[in-house]
Structures are given as structure tokens and as C-alpha cells.
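Subject: Structure handover, with notes on pockets, cavities and helix packing

Hello,

Here is the structure for your files. My notes follow it.

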Amino acid sequence: MEKLVNRIDQELLMKRKTPRKEDFRGAYYRDTTAIIHSSPFRRLKHKTQVFFAPSNDHICTRMEHVLHVSSIASSICRPLGLDTELAWAIGMGHDLGHTPFGHVGEMIMERISRAKGLGGFEHEVNSLRVVDRLAERGKGLNLTYAVRDGIVSHCGEHFTQRIMPSFSVKDLDGITTRIGLVPTTFEATVVRFSDSIAYLGRDFEDASRLGILSEPIPERCARILGRTNGEIINTLVTDIVENSSMSEGIGFSDEVYAAVVEMKDYNYRCIYRSDILKGYTRYFERLLNLIYTYLEGLFDSSDDPREACDAEKNMLAAGFYAHYAEMKDVYESLGEGRERLIFDYVAGMSDNFALDCANEILKPEHLNDKIELSQRGKWFDA
């Protein structure tokens, strides 16, 4: 099989926003370590991939998904002679800007963003924002250009048969939408395909486990791709390796791509647009709007919410004020106000934390504790 080579200077790919001396780990492996030690990465273990099922260990979480993408991308890059460490780093960082509650949460936060005058919201662009500006208390992770480009260009929901990298350096700071983005490198292109490969079969497998599928997998998909997640991944990885080249880029064969499109349509029809996910949309919309409105209300009486947060006497208000105090100067330096700070705070929450926040808002535990202390045991005197 043909070995692939990026037609771009390696020094440009390894360039960081803040220059630093590299060490024995190598630039891309160093990026991976920065990603896995970051708070946004740790929160992925409690973020939904597709199905909200926090007590079910067998349903894929966002953290498992990024591990799957990294593994698949590295498997494809190895026989093609590409840099597996670069692919792994992009895969690990590609969803750091994802919202709670999966793509349902992303749609909700997109609506909130537009309603608040903050423009559109895409998790790919937000992931770049997180690694560049928000992680590590506003310092960012200082990743290489190649990894940053791969993160913002991954767009795994957009299925296409073949992509040729641009081999050109973009102004990543000026990107406001994923639309029309083409990855700079072969490795980033592989990750883009790997994102689709990772969830195509796994989402089907999870839906099968939950028993929500209204119809069986199409026969042509089963025959060409396979009937299990493992079979589907093996088919797609093998096909990409055998059908990628310097002249045509990364891509699928005609037969396999036709089956992938049919499988995608099946997943959308039977999974992503299923009644169970529609029901969650209404619930999560109420939940995230409740939290957002609550945090906005903390500023009603003052530009500094400290007094209001102290009066609430709950975990959410205390945690939010600590975050506000730590990050307000960062947002001022970016020319952004408190509306954006609140938005980013909610968008970065894990599923579990968002649910805990709703409980904090709706259950005045500090008042309940006072009542308990004022009673003689559990009973009033006669």
C-alpha cells in the first residue's frame, strides 16, 4: 500500500502559540499529555455520547468515544506511514469543547447562544477555544498547530467519501465556523473519518443494548459492513487503508461508502430522531435554561455576584463565584463580558454536574438543615 507524506513543512506543523523548547517526549506526545491532564478532558467521563445512561457501564460516554477515535485513527495511520502520535493527540482533544448531554445538549446551547446574542455554537470551534483560551484557568494548553487544526477541522458528523488535505496553514484564531474547513494534514483527515467510524457502529450497538431500534439493520449494511461494532470498524478501517493515496487523499471505496451512507441514514432514522431522544431534548432544554437563568440572576443587583452567591449558600453559587473570580480578567482581556463567561461555564459542565446544579437550585438544603436543627428530634412537641 502507498505511504502518505504531508506536503507541508514540519516546523510549521509543530509551531506553538507560545514557543517552548521540546523534550524527549516529542511535540505531539507532549500535546497528548497536556490534554489528558486538563480539566476539560477529565469531565468527558461524565458527558453523554448519544444516550444519557449514567448508571449503565456498557453505554458509551464521551471519554470512551475519544479513546475509540484515537485508537482507530492510529490504526489507520500506521500502515499508511503517517504520524500515529499526531493522530492520537488530535483524537484525544477533538471533543474537549463538547456540551453536556451530547448532541442534544449542543443543539440546546446553540439556541441559547443565539438568543443571548453570542452567535452560533459548534462544538468543533468551541473545542479549539477551550484548548487555546479557557483550559488551565485561561492559559490554554499551548498545543501545536497540527493538533489545533485537527481539533477544529474534525467535523465527524459530515459524511463524505473522500478528502484531500489542504496542506496549507490557516489562521486558526479567525475561525468562527466549521463549515468549509478542510484539515491541513493527512493525520487530521484520518481523525475526521475516524470520528464517523467510531460512532457509526457503536451507536447502533448501544441502541441495540437499550432495545430502542424500531427496525433491523439494513441487509446491505449488514452484508458489506458487518452486524457488530467490531465488524463495522474492521471493515471501514481496512477499506480506508486500501483506498487512500497521495493523489486522491483519504477515503472509502464506492461500495463501502454507499453502505456507510445507508447506515448513517438508518442511525438517524432509528436512533438520533427516536422518540426517546426527542423526550430528552425537552427535559434537558428546561434543565440547561434553568441553570443559565439562575446564574444570570446572580448579577441582578451588582456587577460582582459575590454577595448574591454567598446568600444562596449552595454548591453551584459558591463554585460559580470561584470560577468568576478566577476567570473575569481573562474574559476582559478577550473583550468578552459576563454573558460569555456564564455561557462557557454551562457549556463546559458534565451531565452529572448539571443535574447536581438543578438540585442545588430547586432544593434549599441549607434551609432544610436549619429546620432540622430547630426541631427536637424528628417530632414536634404535642
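Predicted model: local features only at pLDDT ≥ 70, side-chain atom pairs only at ≥ 80, totals over all residues.

Residues are numbered from 1 along each chain as its sequence is written, and side-chain values use heavy atoms, with hydrogens and water left out.

Pockets

Pockets and cavities were searched for on a 1 Å grid over the protein atoms alone; a pocket is an open set of points with protein on both sides within 12 Å along at least five of seven lines, a cavity is a set where a 1.4 Å probe fits but cannot get out, and a lining residue has an atom within 4 Å of a point. Grid points are joined across faces, edges and corners, and a volume is the space filled by probe spheres set on the points.

The largest pocket has a volume of about 700 Å³. It is lined by 27 residues, of which Ser39, Arg43, Leu134, His323 and Tyr345 are the closest to its centre. Helices here are DSSP runs (H or I, at least four residues), numbered from the N terminus. At least two lining residues come from each of α3 (39-43), α7 (123-134), α15 (315-333) and α16 (338-347), and α15 gives the most, with seven. The lining of the largest pocket has 13 nonpolar, eight polar and six charged residues. In these classes Ala, Val, Leu, Ile, Met, Phe, Trp, Tyr, Cys and Pro are nonpolar, Asp, Glu, Lys and Arg are charged, and the others, Gly among them, are polar.

The second largest pocket has a volume of about 580 Å³. Of its 27 lining residues, His103, Val104, Met107, Tyr268 and Tyr272 are the closest to the centre. Two or more lining residues are given by each of α4 (62-80), α6 (102-115), α9 (186-210), α12 (254-272) and α13 (275-297), with the largest share, six residues, from α6. By class, this lining has nine nonpolar, seven polar and 11 charged residues.

Cavities

How many cavities of 30 Å³ or more does a search of the whole structure find? There are two.

The largest cavity has a volume of about 70 Å³. Its lining consists of Cys155, His158, Phe159, Thr160, Ile163, Arg192, Phe193, Ser196 and Phe252. Helix α9 gives the most to this lining, with three residues. The classes are five nonpolar, three polar and one charged.

The second largest cavity holds about 40 Å³ of space. It is lined by Thr48, Val50, Phe52, Phe101, Val104, Leu277, Tyr280 and Phe284, and α13 supplies the largest share, three residues. This lining has seven nonpolar residues, one polar and no charged.

Helix packing

Two packed helices are described by the angle between their axes and the distance between the axes. Axes are lines fitted to C-alpha atoms, for helices over the stretch in contact, and angles run from 0 to 180 degrees between N-to-C directions.

Helices α4 and α9 pack at about 125 degrees, with their axes 8 Å apart. The two are therefore oblique to each other (under 35 degrees counts as roughly parallel, over 145 as roughly antiparallel, 65 to 115 as roughly perpendicular, and the rest as oblique). Their crossing is right-handed; a crossing is right-handed if the near helix is turned clockwise from the far one by less than a right angle, and left-handed if anticlockwise. Contact means heavy atoms within 4.5 Å. Among the contact residues are His68, Ile72 and Ile76 of α4, and Val190, Ser194 and Tyr199 of α9. The contact residues divide into 10 nonpolar, three polar and four charged.

Helices α9 and α12 pack at an angle of about 35 degrees, with axes 10 Å apart, and their crossing is left-handed. On α9 the contact is made by Tyr199, Leu200, Asp203, Phe204 and Ala207, and the residues on α12 include Val260, Met263 and Tyr272. By class, there are nine nonpolar, one polar and two charged residues in this contact.

One residue

Glu296 is in helix α13. Leaving aside neighbours within four places in sequence, Glu296 is in contact with Lys116, Glu339 and Ile342. Its C-alpha atom is separated by 33 Å from that of Ser274, 22 residues apart along the chain.

Regards
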